[in-house]
Amino acid sequence: METARVLVAADKFKGSLTAVQVAERVTAGLRRVVPGLEVETLPVADGGDGTVAAAVAAGFDRREARVTGPVGDPVTAAYALRGSTAVVEMAEASGLQHLPDGVFAPLTATTYGSGELLAAALDAGATTIVFGVGGSATTDGGAGMLAALGARFLDADGKPVGPGGGGLAALAEADLSGLDPRLKDVDLILASDVDNPLTGPKGAPEVYGRQKGASEEDIAVLDAALAHYASILGPEKAALPGAGAAGGIGYGALVALGARFRPGIEVMLDVLGFAPALARATLVITGEGSLDEQTLHGKAPAGVAAAAREAGIEVVAVCGRLALEPEALERAGIRRAYALADLEPDPAVSMAQAGPLLERAAESIARDFLS
């Protein structure tokens, strides 16, 4: 009989466990039932928060830079570097977690720090940059990012427009001639699980503005400002998939930095070395905090399951809560899902005890699939 080799390739359980901790807990539970089991861990991410941590777990070096946070305060942001490849996560610089006491700034939050973080990666010698976008506090179309990289956005009086998406309503001239010349020689990959356009009913302000504190009036202001901004920089790229990612930073990267869009999980599986790890496995365990409809649209477990199914390797999943029918799991290539909610129905207790519960779920997987 073939020796069992398990690959644990799961995302974080948001609010309770990092992807690295998920892998550690699953491994502990499996080995309690099958001592000495061969387990390889490859924490994964889809371009959103946790992307740098996944790269570091896969052997990249963790680097830090002091940059401008979304409301102008300095923050420490991390990126990952291996050779000439950098993984930059915009949320590290411009994410919701950097808002002071959760006070939103929907009209004025800036991506300036994300531009500074990209510049730090350039300074470190990166010629390939995976730019993971998600979890942003911003809706500025990437104008702040571009300004940090040398662009100028001026009003009718020739003065710089104010920060954030709201300031773009006054934009009269966009001067991109001062952009960092090193960007021309960089392969910039826009990695996102979001394929929304910049504006309109499926655009960044309408779909994501509310979670960043925008009122209905703010959303209308931001949508009009971004449409005006795109009319000056180039409207043809505003409808591209990913243009609306992270408050429109995707559009800024596509229109001015020569970025190319790829689904975040596909990029990250390549960068993390998933294919060779998969070739060594006889069973794959993936997962994230909530397995639901969103999971099926480009989230990490769906990407892992699709790749494993193509290789003919069985996949099971772990999650905090399960909101998918068995048929939907089957279509995604997931044989079975083990939810912590089945072990502890109280969500608060389940989140607080996620580690021990996950070990119990892994014990069940070992009994069902490995012994």
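This note covers a sheet and the helices packed around it in a predicted model.

1. The sheet is open and has 6 strands, in the order S3-S4-S5-S6-S9-S10, with mixed pairing. Strand S3 (61-68) and strand S10 (260-263) are at the edges; each has a single partner strand, so one side of each lacks a neighbour in the sheet. From one strand to the next, the twist averages 30°.

2. Within this sheet, strand S5 (residues 85-89) pairs with strand S6 (residues 128-132) over 5 bridges, in the parallel sense. Val87 has Val130 in S6 as its bridge partner.

3. Helix H9 lies across S6, strand S9 (187-192) and S10, and runs at about 155° to S9. Helix H10 (residues 264-272) also packs on the sheet, where it touches strand S4 (74-82), S5, S6, S9 and S10. The direction of H10 makes about 85° with that of S10.

4. Helix H9 (residues 245-256) also packs with helix H8 (residues 216-233), at an angle of about 5° and with the axes 11 Å apart. Angles under 35 degrees count as roughly parallel, and H8 and H9 are therefore roughly parallel to each other.

5. Which residues make the contact between H8 and H9? On H8 they are Tyr229, Ala230 and Leu233, and on H9 they are Tyr251, Gly252 and Val255. By class, this contact of H8 with H9 has 5 nonpolar residues, 1 polar residue and no charged residues.

Notes:
Residues are numbered from 1 along each chain as its sequence is written. This is a predicted model: local features need pLDDT of at least 70, side-chain atom pairs count only at pLDDT 80 or more; totals for chains, interfaces and linings use all residues. Side-chain values use heavy atoms; hydrogens and water are left out. Axes are lines fitted to C-alpha atoms, for helices over the stretch in contact, and angles run from 0 to 180 degrees between N-to-C directions. Helices (H or I, at least four residues) and strands (E, at least two) are DSSP runs, numbered from the N terminus. Angles under 35 degrees count as roughly parallel, over 145 as roughly antiparallel, 65 to 115 as roughly perpendicular and the rest as oblique. Contact means heavy atoms within 4.5 Å. Ala, Val, Leu, Ile, Met, Phe, Trp, Tyr, Cys and Pro count as nonpolar, Asp, Glu, Lys and Arg as charged, and the others, Gly among them, as polar. Two strands pair if DSSP finds at least two bridges between them.
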